[in-house]
Amino acid sequence: MDKEKMTSLQRVLTTLGHKEPDRVPLFLLLTMHGAKELGMGIKEYFSKGEHVAEGQLRMREKFNNDCLYSFFYAPLEVESWGGEVIYYEDGPPNSGAPFITSPAGINDLQAPEIMEKPCLSKVLEATRLMKKEIGDAAPIIGVVMSPFSLPVMQLGFEAYIELIYKEPALFRRLMEINEQFCVEWANAQLAAGATAICYFDPVSSSTIIPRELYLKTGHPVAERTIGKINGPTATHMASGNVLPIISDIAETGTAVVGVSALEDLTELKQVSRGKLTLLGNLNGLEMVHWSREEATAVVKNAIAQAAAGGGYILADNHGEIPYQVPDEVLLAISDAVRTFGNYPMDKQVITDG
């Protein structure tokens, strides 16, 4: 394949194969900046699939992004179960009170019918519109909440942790229902044109639970679920640590892992080489205050630590860049990737890292 003529999709596929493409792929995972670009409030922006599709296409053009991101907001899935969504003027929508008010309610729970839920249909419409426009030039990344992490919004965090430890039968029942929903939702997005699915699973992170509990809970859930998804997946811990379980994550069949800004990219690359592609690990919160020079330095350092040999995609560490990050910082990140991320790597870039 001619490196001089790589499309975004070719670039990503090459790095997923642990080979060096023309340059490091850049995934600016922007969910709300499209609203700014279209002159809309966040609630209005997410009200129609065509708004998000247009916003994503503009973000790709403006920042030379290597992906389109069909993710709307985290509580979208609990909205389909009847849960409340709370909107903000300058941040991502959040979930309201848990809709499962008692563990006993799990016995009567039924997964939503994907095609009957308007909130899910908007995502599918956005995906179809993006696919129609972009074709195979760039990957479209769909998103699901893992069956193991979704209960934080279904039950609330404390009640869910108690369920795991005290109600194993109800926990298994909830996983069964959530796995069914997750697989159907992922495959509906793939059928609509998504290239791959991001499997958000923050509760499995070593930041939240110990590895021993993960191996009994989140790990088998991921193995079962990912095995039924009809396309490639990327597992993301939404800023959580992954190093203690990175070999376990590789066993689930996922191709990519999102890594935390609190972890060392050099060490992560050493243990993941040939097994998983790393996605990350720019600190989205710090990004809000970066100067152009700071953005350039951070990008250069990340590339020096993780890019050699392929298997690395530059992105933020959370899976959603804050609304407050200014365009000039995003442009600086994009420019730095094109300056320092070209293969073969300049020896000075690697040395500086």
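**Aromatic pairs.** I looked up the ring pairs and found 12 aromatic pairs in the structure. Rings of Phe, Tyr and Trp (its six-membered ring) pair if their centres lie within 6.5 Å; planes under 30 degrees apart are stacked, over 60 edge-to-face, the rest tilted. I picked Trp81 and Phe99, a stacked pair with 6.0 Å centre to centre and 25° between the planes. Trp81 sits in the loop between helix H5 (76–80) and strand S3 (85–86), and Phe99 in the loop between strand S4 (94–95) and helix H6 (118–134), so the pair ties together parts 18 residues apart in sequence. Helices (H or I, at least four residues) and strands (E, at least two) are DSSP runs, numbered from the N terminus.

I then checked burial. Trp81 is buried at 12% relative accessibility, while Phe99 is partly exposed at 23%. Buried means under 20% relative accessible area, exposed over 50%, partly exposed in between (1.4 Å probe, protein chains only). I also noted a cluster in which ring pairs link Tyr45, Phe46, Phe72, Tyr73 and Tyr87.

**Source notes.** This is a predicted model: local features need pLDDT of at least 70, side-chain atom pairs count only at pLDDT 80 or more, and totals for chains, interfaces and linings use all residues. Residues are numbered from 1 along each chain as its sequence is written, and side-chain values use heavy atoms, with hydrogens and water left out.

**H9 and H11.** I looked up helix H9 (residues 168–192) against helix H11 (residues 218–226): their axes come within 10 Å and cross at roughly 35°. Axes are lines fitted to C-alpha atoms, for helices over the stretch in contact, with angles from 0 to 180 degrees between N-to-C directions. From H9, Met175, Glu179, Cys182 and Val183 meet Val221, Arg224 and Thr225 of H11. Contact means heavy atoms within 4.5 Å.

**Helix H1.** In H1 (residues 8–16) I found Ser8, Leu9, Arg11, Val12, Thr14 and Thr15 buried. Their cover includes strand S1 (26–27), helix H4 (49–63), strand S9 (277–282) and strand S10 (312–316). Just after H1, His18 takes a positive phi of about 60°.

**Ser260.** Where is Ser260? I found Ser260 in the loop between strand S8 (256–258) and helix H13 (265–272). Ser260 is buried, at 1% relative accessible area. Leaving out residues up to four places away in sequence, Ser260 touches Ser239, Gly240, Asn241, Asn281 and Asn317.
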